[in-house]
Every structure is written in C-alpha cells, then in structure tokens.
Amino acid sequence: MTKPYIFITRSLPEEIVTPFQEKFNVKMWDSEEQPVDREVLLEEAGKADALITVLSDQVDEELLSRGRQLKVVANLAVGFDNIDIKTAEKNGITITNTPDVLTETTADLTFSLLMATARRLIEANEYVRKGDWENWAPLLMAGHDIHHKTIGIVGMGRIGEAVAHRARGFHMNVLYHNRSRKKEAEEKLGAVYKSFDELVTQADFVVCLAPLTPETKGMFHKEVFKKMKSSAIFVNTSRGDNANEDDLYQALVEGDIAGAGLDVFENEPISKDHPLLSLQQVVALPHIGSASVETRKAMMNLCLENVQLVLDEQEPKTKVTS
Ligand SMILES: NC(=O)C1=CN([C@@H]2O[C@H](COP(=O)(O)OP(=O)(O)OC[C@H]3O[C@@H](n4cnc5c(N)ncnc54)[C@H](OP(=O)(O)O)[C@@H]3O)[C@@H](O)[C@H]2O)C=CC1
Ligand SMILES: O=CC(=O)O
C-alpha cells in the first residue's frame with residue numbers, strides 16, 4: 001500500500017520529521033527561508049494528502065480546489081487569515097492551527113517589544129555601539145515608565161490574557177476590549193472592560209492582539225491614533241493589516257502618539273526604505289512573536305500530529321472552523 005503523502009512548504013528540522021517518515025511519505029520544500037514557488041505549491045496541493053503551510057502561503061480557493069486527494073492543511077501558526085476556511089469546509093478539507101503552544105512565548109515577545117519601545121532599548125544599544133556615548137546626561141535616552149501605567153489590550157484572548165498577566169507583575173492597570181466581555185479574565189487579572197474608543201483614549205500602551213478579520217482590518221487608523229494620548233505607545237503583534245501604516249506613520253510624525261513597537265506589517269518582509277523604519281520612535285521586528293526554538297518545535301510537532309490524526313480519520317487536536 002502506498003503511504004499517504006505530506007508536503008511541507010518550508011524545510012523543517014530532520015529530527016521533527018523523521019518519526020513520521022515510517023508511516024508517511026514526507027517531502028519538504030528545500031529552503032527554510034525562501035517561500036515555496038506558487039506553481040510548485042499548486043502542483044503539490046493537487047497530489048498531496050496533507051499540506052503543512054506557513055502564514056505567508058496563500059491557501060485560497062485556487063489551491064483548495066486542486067484535486068480530491070487533499071484532506072488536511074496544517075498551518076504553522078495560530079492565525080489563519082491566510083486560509084479560505086469556507087472553501088476548505090465546502091471541499092471537505094480539514095484546517096488546523098497551533099494555538100496554546102505559542103501563547104506564553106508570544107506574550108513574552110509582546111511585552112519585550114512594549115518595554116524596548118518605551119525605554120528606547122534599541123536606540124540606546126545603537127548609540128553605545130556607534131561610539132556616541134561620551135557623557136552621562138540627566139535626560140540621556142530617557143523614555144517612558146511602564147510600571148503603574150495603563151495598558152489597553154485589544155483582543156483579550158489567549159495571548160492577550162498572558163500579556164495582561166505580565167502587565168500585572170509590573171503593577172499596571174489593565175483595560176481590554178473584545179467583542180464580548182470575559183468575566184473570568186476580569187476576576188483573575190483585574191482587567192477592566194472598555195469600549196474600543198474608551199480604551200484607546202485612556203491607555204498609555206495600546207496593544208493589538210486581535211486576529212485579522214474583515215472587522216479588524218484597518219481598525220487602527222488616523223482618527224483612532226488622534227484619540228490616543230500623545231504619550232501613548234502602540235504595540236502590534238497581531239497582523240500588520242490591523243493598522244493602517246500610512247496613518248500610523250503620520251500619527252508618529254505629527255506627535256499624535258509617542259512610539260510604536262511592531263512585529264507585524266502590511267507587507268512582509270517590510271521594505272528597508274519604508275517610511276516607518278526612518279523613525280527612531282519605532283521598534284520593528286521581523287514577525288518573531290512565537291520564535292523561540294522550543295515553541296517553534298512544539299508548533300511543528302502539533303502540525304504533524306494533527307496531520308497524522310486526520311489521515312488516520314480521527315479528530316485533530318486543534319481544528320479551525322468558520
Ligand atoms: N506576532 C506573532 O508572531 C504572532 C501573532 N499572533 C496573532 O495573535 C492573534 C491572537 O492569537 P490568540 O490570542 O491565540 O487568539 P484568540 O482567538 O485566543 O484571541 C483573539 C481575541 O481577539 C478578540 N477579537 C476578535 N475579533 C475582535 C474584534 N473585532 N474586536 C476586538 N476583539 C476581537 C477575541 O474576542 P471576541 O471574539 O470576544 O471578540 C479574542 O479574545 C492571532 O490571530 C495572530 O494574528 C499569534 C501568535 C504569534
Ligand atoms: O503570527 C503567528 C501566528 O502564529 O499566528
């Protein structure tokens with residue numbers, strides 16, 4: 001009997017893949033960094049039983065309609081805005097993601113980014129390395145306090161709650177906004193529910209952790225930045241499209257807000273000539289929210305386990321539904 005065929009759109013460590021090779025025929029794209037060619041991906045989608053994809057692969061109608069063989073697409077991310085879930089469901093293809101295993105790691109990164117932006121860590125590091133540090137000065141690299149300030153979390157889900165937990169350790173007041181109230185988070189974390197407008201007006205740090213959906217796309221725009229405190233710092237570790245980057249740039253230049261910590265961008269990788277990267281008050285990272293070795297390996301294992309379960313005609317651990 002021929003083994004089921006799994007195609008993985010990036011090269012993953014052998015140690016992760018080898019245990020699955022006895023039961024499955026596993027092929028990987030030969031680069032860890034370079035995305036798979038679209039034509040190759042479409043061809044593979046037509047003959048594979050399972051795909052393991054990354055967040056930059058467009059799993060759209062064209063791909064999901066390539067043939068009857070494809071049973072499961074396991075996305076190496078918790079976000080699944082790159083996948084047309086409705087078409088997958090219509091075509092009987094199971095979609096899985098990687099929630100929970102990356103929550104704490106992404107919360108660590110989100111809070112680090114908040115701190116690095118507020119306390120100007122990247123700018124200060126460059127200042128020392130360039131040899132510009134000649135004297136101690138009373139306001140040299142003075143930034144913004146974090147402790148006892150107010151954090152406003154838009155998207156108080158798994159990662160949002162983990163960020164709130166860290167914020168409590170810094171004696172911060174925690175505000176949050178979701179479409180629905182989370183009484184449990186309010187009790188456990190002392191978080192206070194606010195409307196979106198109230199949150200952006202009152203918070204010193206506005207952190208976006210809502211998924212990218214038609215509703216959240218562009219939710220941080222010109223008028224929203226104008227409502228924020230001029231000392232506010234915007235942190236985005238969700239998806240770049242949740243903020244309008246032109247408006248964010250203007251808000252920073254015009255002093256509507258004081259800084260931005262960004263792990264995600266409208267177009268990734270962001271061009272080095274992008275206006276946002278010309279601003280000292282912006283800290284930019286290459287979408288590394290979940291990037292610890294332990295967590296990335298846990299995500300890879302979860303993808304392979306989900307694929308195995310679906311191909312064995314069992315329920316996957318973390319199925320995505322519309
Ligand atoms: N930078 C990185 O590397 C990473 C980025 N991410 C991003 O973080 C996101 C969140 O992950 P996770 O916490 O696990 O997801 P969850 O689904 O647990 O949380 C998302 C939260 O967003 C809220 N939400 C959804 N729609 C809206 C809306 N229109 N307005 C306000 N709140 C909304 C939801 O509450 P409700 O339904 O009540 O509105 C929910 O509480 C991912 O979707 C992904 O985009 C995740 C991991 C790593
Ligand atoms: O952006 C990363 C994810 O897991 O979603």
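Visitor: Hi! Which residues surround ligand 2?
Guide: In this predicted model, ligand 2 is surrounded by Leu 55, Ala 77, Val 78, Gly 79, Leu 102, Gly 289 and Ser 290.

Visitor: And how does that shell divide into nonpolar, polar and charged residues?
Guide: The shell around ligand 2 has 4 nonpolar and 3 polar residues, and no charged ones.

Visitor: Let's switch to strand β4. Are Val 72 and Ala 74 buried or exposed?
Guide: Val 72 and Ala 74 are buried on one side of β4, which spans residues 72-75.

Visitor: Why two sides?
Guide: Because in a regular strand the side chains alternate between the two faces of the sheet.

Visitor: Nice. What stands opposite Val 73?
Guide: Leu 51 stands opposite Val 73. Strand β3, residues 50-53, runs parallel to β4, and 4 bridges join them.

Visitor: And which residue is the bridge partner of Val 73 in β5?
Guide: That is Ile 95. Strand β5 covers residues 94-96 and pairs with β4 in the parallel sense over 3 bridges. From β4 the chain goes through helix α4, residues 85-90, to reach β5, and this β-α-β crossover is right-handed.

Visitor: New topic: how is the protein divided into domains?
Guide: Domain 1 takes in 5-100 + 293-320, while domain 2 is 103-284. Their C-alpha centres lie 32 Å apart.

Visitor: How many residues does the contact take from each domain?
Guide: The contact takes 6 residues from domain 1 and 7 residues from domain 2. On the domain 1 side, they divide into 1 nonpolar, 3 polar and 2 charged.

How values were computed:
Residues numbered from 1 in each chain as written. Chains lettered and ligands numbered in written order. Predicted model: local features only at pLDDT ≥ 70, side-chain atom pairs only at ≥ 80, totals over all residues. Buried ≥ 20, exposed ≤ 12 C-beta atoms within 10 Å, placed from the backbone. Helix = DSSP H or I, 4+ residues; strand = E, 2+ residues; numbered from the N terminus. Pairing = 2+ DSSP bridges. Right-handed = clockwise from strand over helix to strand, strands pointing away. Near = placed C-beta within 6 Å. Nonpolar A, V, L, I, M, F, W, Y, C, P; charged D, E, K, R; others polar. Domains from an automatic or database assignment. Contact = placed C-beta atoms within 7 Å.
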